[in-house]
Amino acid sequence: MPETPRTTPRTIVVVGTGIAGATAALTLREEGFDGRVVLVGEEPHPPYRRPPLSKDLVKRALTPERLRLKPPTAWQELGIELRTGTKVTGIVGGVLECADGSRLPYDRLLLATGGRARTLPYAAEDDHVHTLRRLGDVPALRADLESGGPLLVVGAGLLGLEAAASARAAGLDVTVLEAAAEPLRRVLPARLRHAVLDLHRAHGTQVHTGVALTGLTRRDGVLVATARDGRSWHAHTVLVAAGLRPDVELAARAGLDVDDGILVDALGTTSDPRVFAAGDVARYPDPHLGRRVRVEQWNHAQQHAAAIARNMLGAGTPFTAVPWSWTEQYGVMLQIAGHFTDADSLAVQGDIADFDFAALATADGRPVGAVAAGRPHDFRSLRTVLDRHAGTPPRTAAHTPTVLPHAVLTGGRPEAAGTAGPPTAAG
Ligand SMILES: Cc1cc2nc3c(=O)[nH]c(=O)nc-3n(C[C@H](O)[C@H](O)[C@H](O)COP(=O)(O)OP(=O)(O)OC[C@H]3O[C@@H](n4cnc5c(N)ncnc54)[C@H](O)[C@@H]3O)c2cc1C
């Protein structure tokens, strides 16, 4: 990628008021940048936390006030110009063009445009077919759930499963349909994937995998999902949880390099040296995997954006952090770190079925991922191990037994883990 100019920027504009954009703006101020910072986003709300949207879908009030990252006055106090409800439509010659007709010149630009929920090409437009990405998606979905089931969730990724658990805990009839024979391959090793699906079944949620849906239409007043093999399911409400489409529109129109995300180098720079990208939308070189990845996780978006904001000010520090996240279903919290796509064995301490364990996945003897439930202390130790090993080339890595936390290795037993799936990690 071409080099970023060495002159100190006077105006930095951040597009996207998600956690990446918000963190970047805050980091610029923390780092002492005293120029103009503009944080502009399409959503009407000030920056807020997305993870509760699926976990607390039914049981708790999901209001902008309860979810917000900062009190409304904080942005102004920090000298951050927060412009909500403003879609950026173009980037032309160092100036952003906004849908409201305003124009924003910049010296450095950060694109933190995240992504949008994928939709299904075969699904009919219907008020009771929903997606869940933004706070604005919640009121209609929630109103539908409050009027009763059955709920059909299409997609058994973490978001779909969290929403399913939330609805099931509220007493709804819930069915989850998943196209893949083995859901969650990108985010969990095999034994843990099975344990999560078993947890759903034990709570009375129907989970069907390997379902090739061909239609989703309204018939005689109910929604009907039809599969290629002739099976069908009826529902009052459908949640399509089919993953994320990175929002690269603006970047692509501006001529930046995009390919399943905005392509950036280890410093976060795009193919234009004055423009950077961070968070869910950025596809960056991961030194641990030796290839580019796009990670869809809250903590990652936060850490990545903070690092890239520093680089926009000239820090010049490559981003190397190992991503980590969590999921919560039926009161069980799983903490997850690293990547599992290359893993070939899993050492487990504790009881997976009881969700009281810590596990470390390795590839060629090199630690690549960790998962824990009910053991936050072990999880922290495992993250330290992953961080320590980060970037070690697979063939030359010191082999694991001498460096792994004793608590995890004692009694650990190997397991062949699934290796397929795209190199992104879903949130
Ligand atoms: C329901 C739900 C639950 C989740 N739970 C977890 C979890 O438990 N753990 C976890 O690790 N992760 C979780 N995630 C994922 C996590 O929330 C995301 O990884 C994170 O929010 C990504 O932040 P971001 O800022 O990169 O992108 P986004 O949050 O997508 O923010 C991008 C922002 O950019 C704006 N934008 C886009 N284009 C434009 C434009 N042209 N002009 C102006 N604004 C624009 C969008 O409107 C949006 O507000 C969850 C996500 C969802 C949706």
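A polar contact here is a pair of N or O atoms within 3.5 Å. Keep that cut-off in mind as we walk through this predicted model, starting with the ligand.

An oxygen atom of the ligand is 2.8 Å from an N or O atom in the side chain of R133, so this pair falls within the 3.5 Å limit. The backbone takes part too: a polar backbone atom of A20 lies 2.9 Å from a ligand oxygen, and a polar backbone atom of G115 is 3.4 Å from an oxygen of the ligand. How much of the ligand does the protein cover? On its own the ligand has 1000 Å² of accessible area, and the protein covers 99% of that.

Now let us look at the shell around the ligand. There are 37 residues around the ligand, and E43, R50, K55, R133 and D280 come nearest. Sorted by class, the shell holds 13 nonpolar, 13 polar and eleven charged residues. Both domain 1 (11-116 + 245-312) and domain 2 (119-242) supply at least three residues each to the shell. Turning to secondary structure, at least two shell residues come from each of helix 1 (19-30), helix 2 (52-55), helix 6, helix 9 (298-312) and strand 22 (324-329). Which helix gives the most to the shell? That is helix 2, with three residues.

Helix 6 deserves a visit of its own. This helix runs over residues 158-169, and its twelve residues reach 16 Å from the first C-alpha to the last, close to the 16 Å expected at 1.5 Å a residue. Is helix 6 mostly covered or mostly uncovered? Helix 6 is mostly covered, with nine of its twelve residues buried. The buried residues include L158 and the run from G160 through A167, with E162 and S166 among them. As a reminder for reading any such element, an α-helix has 3.6 residues a turn, so residues three or four places apart point the same way. Just after helix 6 comes G171, which takes a positive phi of about 95°.

That brings us to the backbone. Most residues other than glycine have a negative phi, and most peptide bonds are trans. D220 has a phi near 50°, a positive value in a residue other than glycine. You will find D220 in the loop between strand 13 (213-219) and strand 14 (222-227), where D220 is exposed, with a relative accessible area of 82%. D260 also has a positive phi of about 50° although it is not a glycine. The loop between helix 8 (249-253) and strand 18 (262-263) holds D260. With a relative accessible area of 36%, D260 is partly exposed.

G149 and P150 are joined by a cis peptide bond, with omega about -5°. P150 sits in the loop between helix 5 (138-146) and strand 10 (151-154).

Our last stop is H339, in the loop between strand 23 (332-338) and strand 24 (345-351). Why does H339 count as buried? Its relative accessible area is 9%, and buried means under 20%, so H339 qualifies. The side chain of H339 also makes a polar contact with the side chain of D286, at 3.1 Å.

Terms used. Residues numbered from 1 in each chain as written. Predicted model: local features only at pLDDT ≥ 70, side-chain atom pairs only at ≥ 80, totals over all residues. Heavy atoms only, no water. Helix = DSSP H or I, 4+ residues; strand = E, 2+ residues; numbered from the N terminus. Expected span 1.5 Å × (residues − 1). Buried < 20%, exposed > 50% of the residue type's maximum accessible area, 1.4 Å probe, protein only. Near = heavy atom within 4 Å. Polar contact = N/O pair within 3.5 Å; in protein donor to acceptor, adjacent residues only side chain to side chain. Areas by Shrake-Rupley, 256 points an atom, 1.4 Å probe, with all protein chains shown as cover. Nonpolar A, V, L, I, M, F, W, Y, C, P; charged D, E, K, R; others polar. Domains from an automatic or database assignment.
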